[in-house]
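These entries record what I looked up in the structure, topic by topic.

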Amino acid sequence: PNLGELLLQPNFGQSRDLSRPGDSIVPTQLLLDVTQIRRYEQDPRQHANIKFDEIKASILAQGGINNPLTVTRRPGEEHYIIEAGGNTRLRALQELWEETRDERFHYTHVLFKPWESESQILTRHLIENELRGEMLFVDKARGLEALRRQWAVESGSQELTDGDFHRRLKEA
């Protein structure tokens with residue numbers, strides 16, 4: 001297309017389905033109440049992180065988390081969800097807030113990223129759990145199968161071939 005035509009179109013002709021009016025279309029730092037954030041319910045890690053108590057104790061000793069959580073928000077949703085790993089840290093932070101009512105655990109700095117797609121969030125959780133967590137093999141297998149189904153849904157097909165699935169995994 002002609003560059004001049006694109007410049008006259010909002011978002012250079014690309015749709016920007018914002019989660020809610022006012023949500024940033026670029027990554028943005030926010031300070032959020034921990035009760036506004038929910039775990040990613042499709043997190044491949046279905047079994048508790050074996051390091052949970054250690055992580056919670058570390059957050060308590062530090063008075064918060066060192067590395068901000070990354071969050072996003074689905075279109076039309078009120079609450080934020082964990083975008084790329086961090087469900088364990090979120091749970092620890094929320095428990096510390098409930099148990100202590102210490103303001104250090106009530107609000108947390110986060111990096112908000114605009115919503116992309118369900119498959120993108122699931123992919124990021126799989127990668128994060130692979131790199132940082134000791135995820136059970138069964139959780140990883142179920143997560144990969146869920147990703148395969150999600151990619152098929154988003155591409156409008158019944159099922160991805162093994163070749164397509166492996167190609168997309170390498171790209172991810």
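**Entry 1: a pair within one helix.** I began with R149, which forms a salt bridge with E145, the closest N and O atoms being 4.0 Å apart. I note that the model is predicted. Both residues belong to helix α5 (residues 137-155), and because they are four residues apart there, about one helical turn separates them. I then looked up the accessibility of E145: its relative accessible area is 38%, so E145 is partly exposed.

**Entry 2: a pair between helices.** I next examined D162 and R148, whose side chains meet in a salt bridge at 2.7 Å, N to O. This pair links distant parts of the chain, with D162 in helix α6 (residues 162-171) and R148 in helix α5, 14 residues apart. Is R148 buried or exposed? I found R148 to be buried, since its relative accessibility is 14% and the cut-off for burial is under 20%.

Entry 3: I looked up the total and found that the structure holds 14 salt bridges. One of them joins E95 to K56, with the closest N and O atoms 2.8 Å apart. Here too distant parts of the chain are linked: E95 lies in helix α3 (residues 87-100) and K56 in helix α2 (residues 52-62), 39 residues apart. I recorded E95 as partly exposed, at a relative accessible area of 23%, whereas K56 counts as buried at 15% relative accessibility. I also noted that K56 and E95 are linked with R91 and E99 in a network of salt bridges.

**Entry 4: the sheet.** In which order do the five strands of the open sheet run? I read the order as β1-β5-β3-β4-β2, with mixed pairing. The edges are held by β1 (28-33) and β2 (37-38); each has a single partner strand, so one side of each is left without a neighbour in the sheet. I then followed strand β3 (residues 69-72), which pairs with strand β5 (residues 107-112) in the parallel sense over three bridges. For L69, I found that the bridge partner in β5 is V110.

Entry 5: T123 counts as buried because its relative accessibility is 8%. Which residues does T123 contact, leaving aside its neighbours within four places in sequence? I listed L147, W151 and A172 as its contacts on that basis.

Methods. Residues are numbered from 1 along each chain as its sequence is written. This is a predicted model: local features need pLDDT of at least 70, side-chain atom pairs count only at pLDDT 80 or more; totals for chains, interfaces and linings use all residues. Side-chain values use heavy atoms; hydrogens and water are left out. Buried means under 20% relative accessible area, exposed over 50%, partly exposed in between (1.4 Å probe, protein chains only). Contact means heavy atoms within 4.5 Å. Two strands pair if DSSP finds at least two bridges between them. Helices (H or I, at least four residues) and strands (E, at least two) are DSSP runs, numbered from the N terminus.
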